[in-house]
Amino acid sequence: MHTLVIGGIRSGKTALAERLARNMDGEVVYLATATAGDDEMRRRIDRHQRQRPVNWGLSEEPLALASVLALYASAGEKAPCILVDCMSLWVSNLLHAGETVFAWEREEFLTQLTQYPGKLIIVSNEVGLGIIGMDPLTRRFGDELGWLNQALAEHCDTVMMSIAGLPMTLKS
């Protein structure tokens, strides 16, 4: 079973995803896409790490999410529940990595998603409710993340949205 959790900034989407993961049987691996590029981001990452259960695994990967899924998929039926946080930062990382990397990694991730034998919980920002960006990169980011969210929603069994910390089921 794969679940997409979307929401705006500070909507409670990560907390919701973590609650869902805590209710899973078996191993949980937190797949983090963030990089600590500045002190404020380092503090955010530290806070997230302290809030997670100590028995959860951690994989930090800013670009090659498909490779991580493939690695854990090799466990077959015993593949862990993977909580991916978050698609927004991943898309940003990919856009800065160049067109070839972007296209390859996006396609490979969607392929691995459909083949992953364990449970996946994927966190992403909903960008379709905001304003249109003023510059080309911001517009491209919104477009790419919106298209990715649509593809993820299509491939996930459950889609939930967090609004002001309240979960709303969009697809089940």
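In the predicted model, valine 5 of strand β1 (residues 2–7) has methionine 160 as its bridge partner in β6. Leucine 4 stands opposite valine 159 of that strand. In total, β1 and β6 (residues 158–163) are parallel and joined by five bridges. With β5 (residues 120–125), β1 also pairs in the parallel sense, here over six bridges; threonine 3 has isoleucine 121 as its bridge partner in β5.

The residues of β1 point in two directions: His2, Leu4 and Ile6 are directed one way, and Thr3, Val5 and Gly7 the other way. Both sets are buried. Because six of the six residues of β1 are buried, the strand is largely enclosed by the rest of the structure.

Strands β1, β5 and β6 belong to an open sheet of seven strands, arranged in the order β3-β2-β4-β5-β1-β6-β7, with mixed pairing. Strands β3 (57–60) and β7 (166–171) form the edges, each pairing on one side only. From one strand to the next, the twist averages 20 degrees.

Helix α4 lies across β4 (81–85) and β5, and runs at about 70 degrees to β5. Helix α6 (residues 136–155) packs on the sheet and touches β1, β5, β6 and β7. The direction of α6 makes about 155 degrees with that of β5.

Helix α4 is also in contact with helix α5 (residues 99–115); the axes of the two helices come within 7 Å and cross at roughly 145 degrees. From α4, the contact involves Met87, Trp90, Val91, Leu94, Leu95 and Ala97, and from α5 it involves Val101, Phe102, Glu105, Arg106 and Phe109. Sorted by class, the residues of this contact comprise nine nonpolar, two charged and no polar residues. Alanine 97, located in helix α4, counts as partly exposed because its relative accessibility is 34%. Its C-alpha atom is separated by 25 Å from that of valine 29, a residue 68 places away along the chain.

The largest nonpolar core comprises 29 residues. Ile82, Met87, Trp90, Phe109, Ile122, Leu148 and Leu152 have the most contacts inside this core. Helix α4 (residues 87–97) gives the most to the core, with five residues. Apart from neighbours within four places in sequence, leucine 152 is in contact with Leu4, Met87, Phe109, Leu110, Leu113 and Ile122. A second, separate core has 15 residues, among them Leu16, Ala32, Trp56 and Cys81. In soluble globular proteins, nonpolar side chains tend to be buried together.

Threonine 33 is found in the loop between β2 (28–32) and α2 (39–51). With a relative accessibility of 0%, threonine 33 counts as buried, because the cut-off for that class is under 20%. When residues up to four places away in sequence are not counted, threonine 33 touches Glu61, Pro62, Leu65, Val84, Asp85, Cys86, Leu89, Trp90 and Asn93. Of these contacts, Trp90 is also among the residues with the most contacts inside the largest nonpolar core, and takes part in the contact of α4 with α5.

Conventions:
Residues are numbered from 1 along each chain as its sequence is written. This is a predicted model: local features need pLDDT of at least 70, side-chain atom pairs count only at pLDDT 80 or more; totals for chains, interfaces and linings use all residues. Side-chain values use heavy atoms; hydrogens and water are left out. A nonpolar core is a set of buried Ala, Val, Leu, Ile, Met, Phe, Trp, Tyr and Cys residues joined through side-chain atoms within 4.5 Å. Buried means under 20% relative accessible area, exposed over 50%, partly exposed in between (1.4 Å probe, protein chains only). Helices (H or I, at least four residues) and strands (E, at least two) are DSSP runs, numbered from the N terminus. Contact means heavy atoms within 4.5 Å. Two strands pair if DSSP finds at least two bridges between them. Axes are lines fitted to C-alpha atoms, for helices over the stretch in contact, and angles run from 0 to 180 degrees between N-to-C directions. Ala, Val, Leu, Ile, Met, Phe, Trp, Tyr, Cys and Pro count as nonpolar, Asp, Glu, Lys and Arg as charged, and the others, Gly among them, as polar.
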